[in-house]
Amino acid sequence: MPADPLHRATTTQRSMEKPPPGGLGASAVEVRRSSRRRRTVSAYREGDRTVVLIPARMSEAEEKRWVGVMLDKLAAQESKRVLGDAELAERAERLSEQHLEGKARPASVRWVTNQNTRWGSCTPAEGSIRLSHRLQGMPEYVIDYVLLHELAHLLVPGHGPRFWRLLEAYPRTERARGYLEGVVAADRLPHPPAARGE
């Protein structure tokens, strides 16, 4: 949005404390109404919040519906964006701070293409975490869960009760596990024969 004082004069703003879907996205939504805007709705991330631009004449119910639509759209766009190794390492650091009191400190976090049967792996002695490239394009909360799973292995090597207690801190653990189980199940389904001419 341009820093035009005239444009600002015709805009009303309201903040909504509503977390958007997807892992570490923005933590608040700010709705900006504009009398210049007639029909279009748009949204973008601005620091730690999501800004949704709507026409001034829109009702409260329409605003609520469009905020949800735009948050879903942004989350879908972001899930298609492939994180680089440096971003993955930053994400791991944030997850450790948020859910493991910063105790898990990996020496390296990177994508690999040689893990086709596992989503991720961790070598606690080296402090290295590797995530399968098959996770790229999946929702952020799924990538966050796998990262957090591997971070927890830096603290607890096995899958005993202490390990699973660490993962209870992540609110989307069950949802992410269900998503990954669904992907595995879909891969096992028989594929119909190709139609003629393909």
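Trp 164 is partly exposed at 28% relative accessibility, a class that lies between buried, under 20% relative accessible area, and exposed, over 50%, as computed with a 1.4 Å probe on protein chains only. This is a predicted model, in which local features need pLDDT of at least 70 and side-chain atom pairs count only at pLDDT 80 or more, while totals for chains, interfaces and linings use all residues. Residues are numbered from 1 along each chain as its sequence is written, and side-chain values use heavy atoms, with hydrogens and water left out.

Aromatic pairs come to a count of two, where rings of Phe, Tyr and Trp (for Trp, its six-membered ring) pair if their centres lie within 6.5 Å, and planes under 30 degrees apart count as stacked, over 60 as edge-to-face and the rest as tilted. Tyr 141 and Tyr 179 form an edge-to-face pair, with 6.4 Å from centre to centre and 80° between the planes. Because Tyr 141 lies in helix α4 (residues 140-155) and Tyr 179 in helix α6 (residues 173-188), this pair ties together parts that are 38 residues apart in sequence; helices here are DSSP runs of H or I with at least four residues, numbered from the N terminus. Tyr 141 is buried at 8% relative accessibility, whereas Tyr 179 is partly exposed at 31%.

The rings of Phe 163 and Trp 164 have centres 5.0 Å apart and planes at 85°, so this pair is also edge-to-face, and Phe 163 is buried at 0% relative accessibility.

Charged groups also meet rings. Arg 175 lies over the face of Tyr 141, 4.4 Å from the ring centre, and the charged end of Arg 134 sits over the ring of Trp 119 at 4.1 Å from its centre, the criterion being NZ of Lys or CZ of Arg within 6 Å of the ring centre and within 35 degrees of the ring normal.

How values were computed
Helix = DSSP H or I, 4+ residues; strand = E, 2+ residues; numbered from the N terminus.
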